[in-house]
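Colleague: I'm new to this one and would like a close look at a single part. Could you walk me through it once it's on screen?

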Amino acid sequence: MSDLADRLAVVRASVADAATEAGREASGITTIVVTKFHPASLVAELAALGVLDIGENRHQEAQAKAAELEGLGIRWHFVGQLQSKKAKQVRAYAKVIHSVDRVALVDALRSDEASVDCFVQLNLTDDPGRGGVSSEGLEPLVEHVLATPGLNLLGLMAVAPLGEPARPAFARVRRLSERVRAIAPAATSLSMGMSHDFRDAILEGATHLRIGSAITGNRPVAG
Ligand SMILES: *Cc1c(COP(=O)(O)O)cnc(C)c1O
């Protein structure tokens, strides 16, 4: 097996273990492999191993890879901060947008033709620069998404804050998602859990993991 296939197998086994520990079915958990900074050839290798859910966090890089790998059946997940002026372009290739975090972006994603799946991103830190809506702003933003044609709300996305235990942060997301479900009953999904904290995320109900380096290996330095 290649190193990539090895690491993928290790992560899949850990996901299955955590699901068992949580009393959940692993089939209810989608692992998105985040390939930012890696070349399109690595994404093609992943596709050959059966991984079709791929995450990217920068529009230009994602757009180029999506064009190069068209026809492989890859489902592109956009997980990074998104400028409103790039929203339409991201819609064109993304299957799911995980980082909807403000009214202006929702308006820019509006479409009367096609629907795109999305998550509302929560900011679990006090730093507005991290991306995500604060818990105070959550319900108004969710209501705006629900009222906007062309957006299909799957649920909530979050990144655990640096320097504190992840599990309580993910528990907070799970509790906030109950508030979301009160107004959007179909928005039951939770996009949370990365290389170092996906077990905690699974124990708190994550349905979509965004895992990079544990599968891809270390990222090349940004150019
Ligand atoms: C890079 C990234 C990930 C994956 O991070 P790893 O620590 O490499 O698993 C997940 N989510 C987002 C939003 C990212 O930017």
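Let's take helix α2: which of its residues are buried?

Modeller: Keep in mind that this is a predicted model. Helix α2 covers residues 40-48, and its buried residues are Ala40, Leu42, Val43, Leu46 and Ala47. Look down the axis of α2 and you'll see these buried residues fall within an arc of 155°, so they line one face of the helix. There's a general point behind that: an α-helix has 3.6 residues a turn, so residues three or four places apart point the same way.

What do they pack against? The buried residues of α2 meet quite a list of elements: the helices α1 (3-21), α3 (59-68) and α9 (213-216), plus the strands β1 (30-34), β2 (53-56) and β3 (75-78). Just after α2 comes Gly50, which takes a positive phi of about 95°.

For some context, a UniProt record (an unreviewed entry) puts the feature "domain: Alanine racemase N-terminal" at residues 31-220. That span is 37% helix and 22% strand, and its end C-alpha atoms lie 21 Å apart.

Key:
Residues numbered from 1 in each chain as written. Predicted model: local features only at pLDDT ≥ 70, side-chain atom pairs only at ≥ 80, totals over all residues. Heavy atoms only, no water. UniProt positions renumbered as here; feature names shortened; annotations may be inferred. Helix = DSSP H or I, 4+ residues; strand = E, 2+ residues; numbered from the N terminus. Buried < 20%, exposed > 50% of the residue type's maximum accessible area, 1.4 Å probe, protein only. Arc of directions from axis to C-beta. Contact = heavy atoms within 4.5 Å.
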